[in-house]
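Hi,

Here is the structure I promised to pass on. Have a look at it first, and then read my notes below.

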Amino acid sequence: MNMSGLFVVFKKELCDHFSSYRFVILFALIAMVSFITSYMAGLHMKGNLEALAKTRFPFLMLFSSPGALFSMIQFVAFFGPLIGLILGFDSINRERAQGTLIKLVSQPIYRDAVINGKFLAGVATISVLLVSVVLVISGFGLALVGVVPGVEEIWRLLIYVLISIFYISFWLGISILFSIFFKGIATSALASVALWIFLSFFVSLGAEVAANAVAPADSKNQTKPELIVKNMRIKETVSLSSPMVLYSKATETIINPMRKTTGSFIMMGPMEELLSSRFQNPLTLGQSMIVVFPHITTLIAITLICFAISYLVFIKQEIRT
Amino acid sequence: MDADTIIETVNLTKKYKQYEAVSNLNLKVKEGEIFGFLGPNGAGKSTTLLMLLGLSQPSGGSAKICGLDPLRKAKEVKRVVGYLPENVGFYSDLDAVQSLEYVASLNGIQKNKIAEKTDELLELVGITQDAHKKIGAFSRGMKQRLGIAEVLIKEPSILFLDELTLGLDPEGALRLIDLIHSLNLDRKITVLLCSHNLHQVQRISNRVGIMLNGKMIAEGSIDSLAKEKFGVGETEYSLEEIYMKYFQEV
């Protein structure tokens, strides 16, 4: 397999990303928000040193504990998709508009080298961005809190970064797909943002509406635990169609070893509560992975499916300009 | 396929739903020839070029470029064919040297040869002075010259030129046409020249083909077409008059 065409396109795209103003602005914005978030979390941790001493994984709290408004994990879950969207919304239609796409595909390279090179360069940019932000926060946390991360904490951080790369790459794939479908750059940008808003914000509302329609859990029915459980199950199942929910549940469980389930609602009897409080040990990394395995595999699968659709549409499309 | 035939199509057809863009096109272009590919807008010239490059799948018939099937051996065909499309685009943030280096890399040219080839080609097309100027600041004529340098970097056997002189001033267009003629003579490059400027085509073409509504309505040397329509040679009639005669009849 000749990879030279793919490598040349990849190199050019990577250069374009790193030298573009949009990347510099995006990087500055994300670094600034991450920096403030971790600073607030660090201050919060400093003020509660006594409680911190009892915590088994204080370093990870830099990423999971909300400072003033939100934690680093919540920030990436909400605004991480914008990185993917901004990197890809004009990747194909811009080439088409400026007449370089026909020039590119008339060179002796396989056509898939163009789409693969663009996607891989986007993924590499996202990886560089996330790794550097996590490293900056880690270094900053070390200086502020003075806690050295353990081996398991480093592994958990690595897995967190990997999940985040797949999550943002899913949105990169979506924006590349729209840039193939729509000839207008503004149209593809608008479609990408509309889908992001729908999947990230409206699915949760839709889940609530669907759950209340099927199993209404109002104040009169609160005495019926079965109905409440049914309502919550429907809500959680529908919510899982949102990549943001999948990502949030997966990363919160990975970063917080004390979290033993991805579910947000647990019904316990008094004896179960007593039993649970006597065994307040954190999960091992392997156990956390088992809890979120379906979420991680689903995230990877939707990212690959999204890219595969972009790939097929691009390969089948006739390029005249 | 004859030994000296470098481009051949047999009943080449392209349909878009009910619309037939190219209909049973039979074309033969000999090695070292400049073939003027004429016709009004929408006649099917560009679609034919795309099919010959393997960028568009024919609905029927077959094509051969240097004995290669463009559909099955698209990469090999694109290695021997340099294509300069109508309204060719450039990355405006690159300079001429960077643009040429990028195209050279896509063509798999060895790194140590790229600089030498780039200098040689920039000199050939006459933009050495502006080699490090951003392409965004280039005039249309300079862009077309750079486009020619880009297609020549792979040392092609065939050039597909689609509306090469569109939007250029007469002097610039003439210089470009002369450049193509000299490339054909010096490097023995076969040229398929799509153009609406019949005067320029007549100046350098060995043979012409006239397409209308996807069909080839006339093909041959300008002299033979003039004899067929007017009974006299090309010295008596211009290509424009011959073209209009065919056009009016159809």
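**What I found**

Going along its sequence, chain A reads α-α-α-α-α-α-α-α-α-α-α-α-α-α. That is 14 helices and 0 strands for chain A, where helices (H or I, at least four residues) and strands (E, at least two) are DSSP runs, numbered from the N terminus. Of its 321 residues, 49% count as buried; buried means under 20% relative accessible area, exposed over 50%, and partly exposed in between (1.4 Å probe, protein chains only).

Before the details, some housekeeping. This is a predicted model, with local features needing pLDDT of at least 70 and side-chain atom pairs counting only at pLDDT 80 or more, while totals for chains, interfaces and linings use all residues. Residues are numbered from 1 along each chain as its sequence is written, chains are lettered from A and ligands numbered from 1 in the order in which they are written, and side-chain values use heavy atoms, with hydrogens and water left out.

**The sheet in chain B**

Chain B has an open sheet of 6 strands in the order E5-E6-E7-E3-E8-E9, with mixed pairing; two strands pair if DSSP finds at least two bridges between them. Strands E5 (81-84) and E9 (215-220) of chain B are at the edges with a single partner strand each, so one side of each has no neighbour in the sheet. On average, neighbouring strands of this sheet are turned by 15° against each other, direction ignored.

On one side, E5(B) and E6(B) (residues 158-162) run parallel and are joined by 4 bridges. Val81(B) sits opposite Ile158(B), and Leu84(B) sits opposite Leu161(B). E6(B) is also joined by 5 bridges to E7(B) (residues 190-194), again running parallel, and there Asp162(B) has Cys194(B) as its bridge partner.

**Hairpin and salt bridges**

Strands E1 (residues 5-16) and E2 (residues 19-30) of chain B run antiparallel and are joined by 8 bridges, with Thr9(B) opposite Leu27(B). Their hairpin has 2 residues between the strands, and Lys17(B) takes a positive phi near 55° there.

The structure holds 18 salt bridges over all chains, a salt bridge being a side-chain nitrogen of Lys or Arg within 4 Å of a carboxyl oxygen of Asp or Glu. One pairs Lys14(B) with Glu318(A), the closest N and O atoms being 3.3 Å apart. Lys14(B) lies in strand E1 of chain B and Glu318(A) in the segment after helix H14 (285-316) of chain A, so this pair joins two chains. Lys14(B) is buried at 8% relative accessible area, while Glu318(A) is partly exposed at 23%. Glu8(B) and Lys28(B) form another salt bridge (3.9 Å, N to O). Glu8(B) lies in strand E1 and Lys28(B) in strand E2 of chain B, so the pair ties together parts that are 20 residues apart in sequence.

In chain A, Asp16(A) and Lys12(A) form a salt bridge, with closest N and O atoms 2.7 Å apart. Both residues lie in helix H1 (residues 4-19) of chain A, 4 residues apart, about one turn of the helix.

**Core and surface**

In the largest nonpolar core, which has 106 residues, Phe63(A), Tyr160(A), Ile7(B) and Phe160(B) touch the most other members. A nonpolar core is a set of buried Ala, Val, Leu, Ile, Met, Phe, Trp, Tyr and Cys residues joined through side-chain atoms within 4.5 Å. Helix H9 (residues 151-181) of chain A gives this core its largest share, 15 residues.

What about the surface? A nonpolar patch of about 690 Å² is made by residues including Phe78(A), Phe79(A), Ile197(A) and Leu205(A). H10(A) gives the largest share of the patch, 6 residues. Among them is Ile197(A), found in helix H10 of chain A and partly exposed with a relative accessible area of 32%.

How values were computed
Patches are made of residues with over 30% relative accessible area and no salt bridge: like charges are joined within 9 Å, nonpolar side chains (Val, Leu, Ile, Met, Phe, Trp, Tyr) within 5 Å. Accessible areas come from the Shrake-Rupley method with a 1.4 Å probe; for residues, only the protein chains shown count as cover. Axes are lines fitted to C-alpha atoms, for helices over the stretch in contact, and angles run from 0 to 180 degrees between N-to-C directions.
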